[in-house]
Amino acid sequence: YYFGTELIVCPITEKCDEKTGLAKTDVYLPKGRFTDIFTGRIYNGNTLTQLYRDQSVIPVLAKAGAIIPLSNSYLTNDISNPESLEILVSRGNNTFTLYEDDGETMNYLNGAFCETDFEVRGNGNDLEFLIHPVNGNVKLIPERREFVITFIDITSSKSIEVLINGKCTDNFTVSKRKRLSVTIEGISPSDSVEIRLSGIEKLKNKPKKALQTEIIS
């Protein structure tokens, strides 16, 4: 089933194989490229695909160009709008609007909400990710925010540029654990942010033989 506009979730309802500890589901994926946000495995759509997993995870596939905002709050039952957001991004071209209100009242009917537009632009081995200034009632969100932009199908980039309000900054950190992640702190609702990646290294699937060896071992 579709989960929002960016994800396809593929529950597995078959029993696990006793030898491999894996179960499978048959999924017909739409045309395009899909990346499992948990395993990083990439699938091509417009075909019937068999997905195997153990009991710890189910396939959750992000479409090409997916933009998926996640709360980085350590609180698990909190309705407040978080001071830190992780944005999962898949290569491609797409826009996504994050909607936020107070989470409690019906005041959004009177305009008490705000929206943040995100945008990804892919061109060969280069990619740009943009955070546009917030529209609406900015009092509903933190005065300063941390953004962790995780590119789920990119492992590295030869060049990384970050621009805040059109000016280059070195106020960011980079992590390259299996997939590339850029962290930017202190972003206000009125700021525009642009991340430019040049010479990206795209995530590639492991050969099937290597996957079979992992399963057996």
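Predicted model: local features only at pLDDT ≥ 70, side-chain atom pairs only at ≥ 80, totals over all residues.
Student: Does Ser188 count as buried or exposed?
Tutor: The cut-off for buried is under 20% relative accessible area. Ser188 has 12% relative accessibility, so the residue counts as buried.

Student: Which residues does Ser188 touch, not counting those up to four places away in sequence?
Tutor: Contact here means heavy atoms within 4.5 Å. With residues up to four places away in sequence left out, the partners of Ser188 are Glu143 and Arg144.

Student: Ser188 also lines the largest cavity. What is the volume of that cavity?
Tutor: The structure holds one cavity of 30 Å³ or more. Its lining includes Ser188, along with Ile187, Pro189 and Asp191. Also among the lining residues are Thr116, Ile131, His132 and Phe147. The volume of the largest cavity is about 90 Å³.

Student: Which strand supplies the largest share of the lining of the second largest pocket?
Tutor: This pocket holds about 340 Å³ of space and is lined by 17 residues. Nearest its centre lie Phe3, Leu7, Ile68, Pro69 and Leu70. At least two lining residues come from each of β8 (67-71), β9 (84-89) and β10 (94-100). The largest share, four residues, comes from β8.

Student: What is the phi of Asn165, and where is the residue found?
Tutor: Asn165 is found in the loop between β15 (154-164) and β16 (167-169). At 43% relative accessibility, Asn165 counts as partly exposed. Although Asn165 is not a glycine, its phi is positive, at about 55°.

Student: Lys178 has a positive phi as well. Is Lys178 buried or exposed?
Tutor: Lys178 is found in the loop between β17 (172-175) and β18, and its phi is near 65°. The cut-off for exposed is over 50% relative accessible area. Lys178 has 76% relative accessibility, so the residue counts as exposed.

Student: How far apart in space are Leu109 and Leu85, C-alpha to C-alpha?
Tutor: Leu109 lies in the loop between β10 and β11 (114-123). Leu109 has a relative accessible area of 58% and is therefore exposed. Leu109 and Leu85 are 24 residues apart in sequence. Their C-alpha atoms are 25 Å apart.

Student: What share of the contacts in the chain with a separation of 6 or more comes from residues 24 or more positions apart?
Tutor: The chain has one helix and 19 strands. Its C-alpha trace spans about 55 × 45 × 30 Å along the principal axes. Among contacts with a separation of 6 or more, the share from residues 24 or more positions apart is 62%.

Student: How far apart do the centres of the positive and negative side chains lie?
Tutor: Of the 217 residues in the chain, 40% are buried. The chain exposes about 12,900 Å², with carbon and sulfur atoms supplying 49% of it. There are 25 positive and 29 negative side chains. The centres of these two sets lie apart by 11 Å.

How values were computed:
Residues numbered from 1 in each chain as written. Heavy atoms only, no water. Buried < 20%, exposed > 50% of the residue type's maximum accessible area, 1.4 Å probe, protein only. Areas by Shrake-Rupley, 256 points an atom, 1.4 Å probe, with all protein chains shown as cover. Lys, Arg positive; Asp, Glu negative; His and termini not counted. Charge placed at Lys NZ, Arg CZ, Asp CG, Glu CD. 1 Å grid on protein atoms, 1.4 Å probe; cavity = no way out; pocket = protein on both sides within 12 Å on 5 of 7 lines; lining within 4 Å. Points joined across faces, edges and corners; volume = space filled by probe spheres on them.
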